[in-house]
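Thanks for coming, everyone. I'll walk you through one model this morning, piece by piece. Please have a look at it first.

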Amino acid sequence: MIKPPPLRNDCFALPAGVNWTPVDAALALLRDRLSVVAQAETQPLAQALGRVLAQDVIARRSNPPQANSAVDGYGFAGPVSEGAQALPLVQGRAAAGVPFDGAVPARHAIRILTGAALPEGVDTVILQEDVTTDGNQIAFHGPLKQGANARRAGEDVQGGDLALATGRVLTAADLALLSAVGVAQVTVRQRLRVAVMSTGDELVEPGQGAGPGQIFDANRPMLLAMVQRFGFLPVDMGRVGDDRAALRDRLDRASERADVILTSGGASAGDEDHVSALLQEAGAMQQWRIAVKPGRPLALGLWSGTPVFGLPGNPVAAMVCTLVFARPAMGLLAGADWQEPQGFDLPACFEKRKKPGRREYLRARVRGGLVEVFASEGSGRISGLSWAEGLVELEDGERHIRPGDPVRFIPYGSFGL
Ligand SMILES: Nc1nc2c(c(=O)[nH]1)N[C@H]1C(S)=C(S)[C@@H](COP(=O)(O)OP(=O)(O)OC[C@H]3O[C@@H](n4cnc5c(N)ncnc54)[C@H](O)[C@@H]3O)O[C@H]1N2
Ligand code: MOO
């Protein structure tokens with residue numbers, strides 16, 4: 001009689017004699033091997049949110065362009081010494097956009113409003129709340145430093161200086177900065193086109209009838225939405241069954257329409273794992289066995305020159321692999337700098353014994369300053385992805401985490417979601 005293999009109670013145990021690529025090594029390889037594929041184009045600022053700068057942007061003008069008042073009040077030449085002060089007022093006033101056309105003599109003051117250019121003879125402003133006036137003169141108490149309540153020309157940005165560098169993904173704040181320094185259009189990369197397809201005979205579309213053994217395709221809507229959040233152009237390539245010819249055809253079409261392809265399912269080495277088999281056939285395939293949980297099998301290959309991320313089918317693994325590996329990789333293809341997600345060390349409110357030899361990502365969220373993790377680590381537990389607001393990253397080594405111990409929490413937002 002054939003002896004059954006010994007039972008394993010941990011399906012993630014690392015097989016002996018296999019080289020598992022540590023996460024950092026896998027990331028270093030991606031960083032080293034990938035470079036921009038997206039074309040550059042010129043766009044008005046209004047179209048530039050989330051786009052990647054293809055050229056350094058130089059400030060055309062300083063911000064602020066001229067010295068101006070930070071408050072509504074009265075301007076004069078500082079400093080002012082301690083004690084009661086009285087200054088006669090000059091006729092007229094300086095307002096934002098309506099400068100005072102003239103000079104303010106020494107020991108005189110002028111009415112000035114926030115944002116107004118400082119007239120000649122003025123370098124210091126006193127808040128109107130600190131002043132009494134009869135309309136002809138002002139009285140207040142010193143001391144006041146020279147330059148108080150005034151903004152120097154170019155104190156924020158100097159004209160001619162670098163405003164933003166190539167590789168920057170433009171934020172709302174960046175659009176403000178570029179506008180302020182007189183930049184109306186930018187050279188950016190075209191949005192990376194990312195094809196998304198699901199594989200597996202068991203999949204049907206939500207809204208369709210589902211027979212026994214069938215499940216609704218959850219990965220594709222998730223991945224298309226993630227791609228959009230990353231600032232790329234999602235290209236929906238639908239579902240394809242466990243049929244090699246159909247999959248080959250779909251990959252052909254995806255490589256014509258997109259710069260990069262994300263598939264989910266069929267990434268490991270089972271009988272129906274056609275993605276990895278086809279990429280293998282195409283000859284430019286790397287089956288990455290990454291020392292990570294979840295997301296161990298990640299098939300990477302080139303299909304007619306288009307990079308393919310063969311993500312694992314389990315939705316939790318598909319999402320984690322996309323956040324940890326595919327996103328920074330796609331960022332490079334899109335022309336962006338390498339993106340390291342910002343994490344925060346916060347006290348755990350859970351206990352966990354972690355095995356050595358692999359990095360682990362847990363679905364997590366922060367409540368009352370403490371990091372909670374989802375009750376199950378099951379890779380098919382989609383509700384946990386939705387419950388979570390980020391991931392806890394546990395380093396490769398062994399660890400016994402007790403309540404109160406610091407753990408690294410990475411909010412979804414740090415991954416661009
Ligand atoms: N003998 C072994 N079996 C498995 C291993 C292993 O090392 N040895 N690894 C397991 C791990 S870990 C993962 S992750 C999966 C990855 O396998 P595949 O990428 O080949 O994925 P599938 O087998 O096609 O699917 C896995 C699972 O996910 C469901 N799925 C697939 N696509 C979708 C979708 N679009 N929406 C929702 N759910 C989806 C699928 O029905 C399966 O239940 O392999 C393990 N097995
Ligand atoms: O690690 Mo698999 O990648 O659980 O879901």
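Start at Ala84, which stands opposite His141 in strand S9. This is a predicted model, so local features need pLDDT of at least 70 and side-chain atom pairs count only at pLDDT 80 or more, while totals for chains, interfaces and linings use all residues. Residues are numbered from 1 along each chain as its sequence is written, and chains are lettered from A and ligands numbered from 1 in the order in which they are written.

Back to S9, residues 137–144. S5 and S9 pair in the antiparallel sense, over seven bridges. Strands here are DSSP runs of E, at least two residues long, and helices are runs of H or I, at least four, all numbered from the N terminus. Two strands pair if DSSP finds at least two bridges between them.

S9 has another partner. Two bridges join S8 to S9, again antiparallel. Thr133 is the bridge partner of Ile138 in S9. S8 and S9 form a hairpin, with three residues between them. Gly135 sits in that turn, with a positive phi of about 95°.

Now S5, residues 80–94. S5 runs parallel to S6, residues 109–112, and three bridges join them. Ala94 has Ile112 as its bridge partner in S6.

You get an open sheet of six, in the order S7-S4-S6-S5-S9-S8, with mixed pairing. Which strands are at the edge? They are S7 (124–127) and S8 (132–133), and each pairs on one side only.

Next, helix H3. Its buried residues are Asn219, Arg220, Leu223, Met226 and Val227. Buried means that 20 or more other C-beta atoms lie within 10 Å of the residue's own; exposed means 12 or fewer, partly exposed is in between, and C-beta atoms are placed from the backbone. Seen down the axis, the buried residues of H3 fall within an arc of 130°, so they line one face of the helix. That arc is taken from the directions from the helix axis to the C-beta atoms. What covers them includes strands S13, S16 and S17, and helix H6. After H3 comes Gly231, with a positive phi near 90°.

H3 also matters for ligand 1 in this picture: H3 (219–229) and H6 (315–333) each supply at least two residues of its shell. How many residues surround ligand 1? There are 26, and the closest are Asn219, Gly265, Ala267, Pro312 and Gly313. A residue counts as near if its C-beta atom, placed from the backbone, lies within 6 Å.

Nonpolar covers Ala, Val, Leu, Ile, Met, Phe, Trp, Tyr, Cys and Pro; charged covers Asp, Glu, Lys and Arg; the others, Gly among them, are polar.

Last, the domains. Their bounds come from an automatic or database domain assignment. Domain 1 is 23–38 + 191–333, and domain 4 is 344–415. Here 15 residues of domain 1 are in contact with 13 residues of domain 4. Contact means C-beta atoms, placed from the backbone, within 7 Å. On the domain 1 side, H6 gives the most, with eight residues. By class, that side has twelve nonpolar, one polar and two charged residues.

Notes:
Contact = placed C-beta atoms within 7 Å.
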